Amino acid sequence: MLHELLLALVGCSGDLVIDSQPETLSDSPDLISDFPVEPTFKLAPDLSFIQPAERDIIERLLPLGFYYKKLDHFATKHRQLNSFRSGKPYAPDLHKESLGRASVYRRAIANGMVEILSVYRSAVLQVEQNFLSDPMPILATVTHCLNKFDVLLPPIYKLVAEIEREDLRGGQLLNLLYKRCHCGVPELQACIQRLLWHGHQVLYNQLASWMVYGIIQDPCGEFFIQRHDNKDMQSESSLSDSMEKLLPKSSEKAALSDWNTGFHIFLEMLPEYIHMNIAESILFAGKAVRILRNPAHSFRVQESIFQQHVRGSQCVQGYTGNFIPPNPLRGTDLIAEELFPQREADKIEEMLQELKKSSEFHKRSFESSVNSICTLAANHLWQLVVIRADLNGHLKALKDYFLLAKGDFFQCFLEESRQLMHRPPRPSTAEADLMVPFQLAALKTLSEEDVYFSRVSLRIPSIGMSMTKSQINLQKVKIDVNVGVSLQGVTSSELSVDGWDEIALEYSVNWPLQLLFTPEVLSKYLKVFQYLIRLKRTQMELEKLWAGAMHQDHVDFANHRRDKKNFSLSQHHRLRIRPMWRVREHMTFLIRNLQFYIQVDVIESQWNLLQANVQTSCDFTELVGFHQGYLSALISQSFLDIGSVSRILDSIMKLCLQFCWSIEQYGCNPNLLELEKITEEFNKKSNSLYTILRSSRLAGSQRAPFLRRFLMRLNYNSFFEATARGVLNVVRPRVL
């Protein structure tokens, strides 16, 4: 009887101990065994030779055999290699239909379960040895030796039953184990911590693959970093060199796509004890390593040529033998090693190995290691973008062309295109027509040392495709300055003059600067550019109007000295239009101060702050934050994010242009009523602008320091304040 009992304690039922559960344990790995709430091991009811006291002792011991059998079945089932290899990627929509599929995390838990069961089995064997050596064996010996397992096996059985019923995997499984670790039984806590340790071994291996090599090893879809397209990550690997040589552009686009939208955090598999910011750091570190380990083919060739050129020039200084030209493709494989040295990868792997060795999960140590790895990857990415890719040069180029820092170039461009922009743009040739003054301005103002201008292209999105520098070579095209662009055949039904407000610039960005200059970032630059070019165009038209009027005065004075009879008619026209020059001065005053505010108080101050941050920072994530803050400050302090203010400014610039064109046409078609309407509308808009800018909502924002300077320039003699108050006093009775 004692041997029958010992066999039952290791899950083998027989004549003495029977299993009341039907024998339907799953031979197929796709089915889940039934986990009854109560143990099903019972003594045979027809045993008459067992005393009631002995029956009570045996029935208290039999649940241990039941729990052992179920846990051993769980361990055997999930440790099968054929089941593991046949696993398929995780798909949330197939959750109910895929019960019992392979899981590397459950396989790790099964390995831990084998360790726990081996301790129990050793205890049963020890009981058997005691029986064999004791001439008078008693049941109390069994109870004494196995008593500690009464507090271990039942909770572990419930844990496994929940894992199987809920089909918990990956981070869900780790999360359950982490919660169950917090209990008041030291022995049970140690067992569950051991199971959690086995699960964390899988997690650390996946983290090492991701943060050391930039590859996701996740055959069963249980890692919390996954692709957006849910591809099978078992075959994930970087492109080979041969494929990169054949498809350099496609591989570069794939790398950028991976950086921007390729990977995401799968919240369903993210353990709750790993904070979201830590998960984002893990995501960033892996993407950074992918970029560093797989540089674009064009970047490899460029760096290889540069390095061989430097080494070749050094060798030529001390050697006068036959010269062997450098091979551009030689040493391209060394570029990735320079971007992310092996010693850095070893350092990351060493950090993760230290975490793996710990018997307990220490949240603070884990977060500290992840932050250190993220900082290390961000530093190398910063060196790639700032040092090797010449970030400062490209930032300066974007400032020169998108923020109009090269004022002489855009002044020349607007002067050359002034007559063209007085006519509506033609849809078929608008960009080609505008490219002529654009090239003229470049030839007159830019030097050949400006290598960044070749990256700038002019376009009008609403009209046609972009005109790039590759289409027209400035060095070979000869343009006659005195030849204007023909505008014959343009009808008013084609486009309005305001169509020129859609002028835009494109900037060609090479790898790896696309990591920083994303399409969203370039769209912000474009938004500021279109605003500034309209402002500069308005300011130039107001100045040209005054210069034309002064020139006409000199001509009229010369004609007066020759012909005094016809001078009275010209003087009459001048007297009628004289009040409009005061209006022009008000317009010029507002536009000039607005332009000075944006260019000096906003752009230059924010540019200096950005340069200081770039010089002091060695972290790519900080660099991205500084640049985003720089663009946000430009848009915010230029009022482009306030619809009411931007609409008023846009309408003021349009009124100024209409005013200039009306004054120019006054000699041919005198229409003083139209000028008076423009003047009245301008006064309303300018007063409304001043009132909004003085509001308490703007006074408390980040715009406040520079905004106060702008308002002080506008209202230095209290003119705007008095005018705005007068308008309000007039409007109030009408509302009542």
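At what angle do helix 4 and helix 7 pack, and how far apart are their axes? In this predicted model, the angle between helix 4 and helix 7 (residues 170-180) is about 35°, and their axes lie 8 Å apart. On the helix 4 side, Y105, R106 and I109 make the contact, and they meet G170, L173, L174 and L177 of helix 7. Sorted by class, this contact has five nonpolar residues, one polar and one charged.

Helix 4 (residues 104-133) also packs with helix 6 (residues 153-166), here at an angle of about 160° and with the axes 13 Å apart. Angles over 145 degrees count as roughly antiparallel, so helix 4 is roughly antiparallel to helix 6. The crossing of helix 4 with helix 6 is left-handed. From helix 4, R106, M113, I116 and Y120 take part, meeting L153, I156, V160, I163 and E164 in helix 6. This contact has seven nonpolar and two charged residues, with no polar ones.

The average pLDDT is 77, and 73% of the residues score at least 70. Where pLDDT is low, the predicted coordinates should not be read in detail.

Terms used
Residues are numbered from 1 along each chain as its sequence is written. This is a predicted model: local features need pLDDT of at least 70, side-chain atom pairs count only at pLDDT 80 or more; totals for chains, interfaces and linings use all residues. Side-chain values use heavy atoms; hydrogens and water are left out. Axes are lines fitted to C-alpha atoms, for helices over the stretch in contact, and angles run from 0 to 180 degrees between N-to-C directions. Helices (H or I, at least four residues) and strands (E, at least two) are DSSP runs, numbered from the N terminus. Angles under 35 degrees count as roughly parallel, over 145 as roughly antiparallel, 65 to 115 as roughly perpendicular and the rest as oblique. A crossing is left-handed if the near helix is turned anticlockwise from the far one by less than a right angle, and right-handed if clockwise. Contact means heavy atoms within 4.5 Å. Ala, Val, Leu, Ile, Met, Phe, Trp, Tyr, Cys and Pro count as nonpolar, Asp, Glu, Lys and Arg as charged, and the others, Gly among them, as polar. pLDDT is the predictor's confidence in each residue, from 0 to 100.
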